[in-house]
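Work through the exercises below with the model open. Try each task before reading its solution.

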Amino acid sequence: MKKKLQRFDLKVLLRLLTVMYESGHEKRTNLALNAKINYDTCVSYLEMLEFLGFAVKTNRHHVYDITPHGISLCKKKLNTAFDKKYNDIPTILD
């Protein structure tokens, strides 16, 4: 019996999307390992990403790929994370 998500964590959703962005098309097992989440949880999140239009299941068996919409979201997220991490560091020129 398939377990459905009662609630979801946005951080996990973005982490899984980032793994897809960095690795390209991957099988569900590899995505779960790289995102450091349980396999069943990964499958539920992948279905949600597919429903939202951020990921798509390819013709191959259980292989997922990120969509252009997902890529643009990742770029925005990664730029924001980069800015938060490095903009507060004083440079040599300051």
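Predicted model: local features only at pLDDT ≥ 70, side-chain atom pairs only at ≥ 80, totals over all residues.

Residues are numbered from 1 along each chain as its sequence is written, and side-chain values use heavy atoms, with hydrogens and water left out.

**Exercise 1.** Find where Lys 36 lies, and decide whether Lys 36 is buried or exposed.

Solution. Step one: Lys 36 sits in the loop between helix H2 (28-35) and helix H3 (39-52); helices are DSSP runs of H or I, at least four residues, and strands are runs of E, at least two. Step two: its relative accessibility is 73%, so Lys 36 counts as exposed (buried is under 20%, exposed over 50%, partly exposed in between, with a 1.4 Å probe and protein chains only). Step three: Lys 36 has a positive phi of about 60°, although it is not a glycine. Most residues other than glycine have a negative phi.

**Exercise 2.** Describe how H2 and H3 pack.

Solution. Step one: the angle is about 105°, and the axes are 9 Å apart. Axes are lines fitted to C-alpha atoms over the stretch in contact, and angles run from 0 to 180 degrees between N-to-C directions. Step two: H2 and H3 are therefore roughly perpendicular (65 to 115 degrees).

**Exercise 3.** Which residues does Leu 17 contact, leaving aside neighbours within four places in sequence?

Solution. Contact means heavy atoms within 4.5 Å. Leu 17 meets Leu 49, Phe 54, Ile 66, Gly 70, Leu 73 and Cys 74.

How values were computed:
Parallel < 35°, antiparallel > 145°, perpendicular 65-115°, else oblique.
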